[in-house]
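Me: I would like to go through the labels on this model one by one. Please set each value against its cut-off.

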Amino acid sequence: MDNILRIAIQKSGRLSEDSLKLIKECGIRFDNGAGKLKTSATNFPAEILFLRDDDIPGYVEDGVAHLGIVGENVSVESDRDVNTVHKLGFSKCRLSIGVLREHDYAGVQDLEGKSIATSYPKLLGKYLAENNVTAQIHEISGSVEIAPSIGLADAVCDIVSSGSTLLSNGLKEVETIFKSEAVMIASKHLTAGQQDLLDQLLFRIKSVQVAKNNKYILLNCPMSAVDEITKYLPGMKAPTVMPLATEGWCSIHSVINENDFWENIEKIRQAGAEGILVIPIEKMIL
Ligand code: ATP
Ligand code: ZN
């Protein structure tokens with residue numbers, strides 16, 4: 001079918017909830033009845049396929065799915081011929097090497113001749129080669145962290161987010177070999193119609209992402225403070241300044257970036273702002 005986008009997402013796991021949320025925030029409605037493997041959107045020419053994350057890059061390469069949402073770690077490890085079209089900013093984690101806590105680790109050369117258990121043989125192999133280290137890669141598909149304590153390997157190379165799983169298995173993180181987040185991948189064989197739908201979807205995703213990084217701000221201040229305050233509130237073009245019923249006072253409406261939010265709020269307060277309201281923005285069209 002030429003004019004429909006089939007989007008593969010993880011059926012159940014760490015990517016599922018945020019993937020569904022993103023699709024919904026893009027205004028795409030569908031019925032995701034529990035246990036379904038496929039569903040059709042009701043207001044966008046799209047179908048959602050619910051799959052194991054490891055299968056997604058292969059389905060996208062084959063064109064069975066046109067788009068997929070997966071961890072970059074899985075996509076790169078799969079080595080499939082797909083396009084990475086956008087970083088999605090969630091499921092951030094890293095692929096790291098861990099060794100037993102009592103191991104005196106001085107650097108990557110300490111891994112020479114050792115055995116390392118991992119589900120990521122390609123990414124690990126590349127890292128070792130780049131560092132001129134020869135180690136034995138022991139590929140296992142799950143519960144990698146227990147390998148050193150049961151004598152299966154000297155070290156592990158696994159996904160870490162807080163590091164608590166490594167710690168609870170008596171390991172310490174010694175090298176980060178890859179930083180990952182969820183990405184959208186696309187088939188290299190989209191029709192013009194599908195490319196057009198993908199462009200529409202990416203436009204919506206970017207609007208949602210920009211909105212998340214910004215807040216709508218309203219405040220009252222004396223007219224004399226407007227110039228100082230607007231330095232910290234450039235807004236999308238310029239802030240809106242409206243007179244209040246009280247002589248000499250006004251209300252400023254603008255957009256403030258999440259990154260330097262607290263720093264700028266403090267400066268705005270010091271400049272004389274009162275009654276500051278900060279409101280989430282749902283979508284932002286630039
Ligand atoms: P499946 O059953 O679909 O094969 P899985 O068990 O392989 O699932 P999950 O544990 O659900 O996979 O992880 C999916 C992806 O989420 C990982 O490939 C990684 O990109 C990311 N991820 C893994 N662990 C974390 C974490 N602790 N925090 C954030 N993201 C993570
Ligand atoms: Zn998986």
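Core and salt bridges

Reply: In the largest nonpolar core, of 28 residues, I9, I28, L67, L88, M184, L201 and I205 touch the most other members. Helix α6 (192-212) gives the largest share, five residues. This is a predicted model: local features need pLDDT of at least 70, side-chain atom pairs 80 or more, while totals for chains, interfaces and linings use all residues. Side-chain values use heavy atoms, without hydrogens and water.

Me: What makes a set of residues a nonpolar core?

Reply: The members are buried Ala, Val, Leu, Ile, Met, Phe, Trp, Tyr and Cys residues, joined through side-chain atoms within 4.5 Å.

Me: Why is E72 called buried?

Reply: Buried means under 20% relative accessible area, exposed over 50%, partly exposed in between (1.4 Å probe, protein chains only). E72 has 13%, so E72 is buried. K87 has 45%, so K87 is partly exposed.

Me: Why is the pair of K87 and E72 called a salt bridge?

Reply: A salt bridge needs a side-chain nitrogen of Lys or Arg within 4 Å of a carboxyl oxygen of Asp or Glu. The closest N and O atoms of K87 and E72 are 3.3 Å apart, so the pair meets the definition. K87 lies in strand β5 and E72 in helix α3, so the bridge ties together parts 15 residues apart in sequence. Helices (H or I, at least four residues) and strands (E, at least two) are DSSP runs, numbered from the N terminus.

Me: How many salt bridges does the structure hold?

Reply: The structure holds 15. One of them joins K36 and D31, at 3.2 Å.

Definitions and conventions:
Residues are numbered from 1 along each chain as its sequence is written. Chains are lettered from A and ligands numbered from 1 in the order in which they are written.
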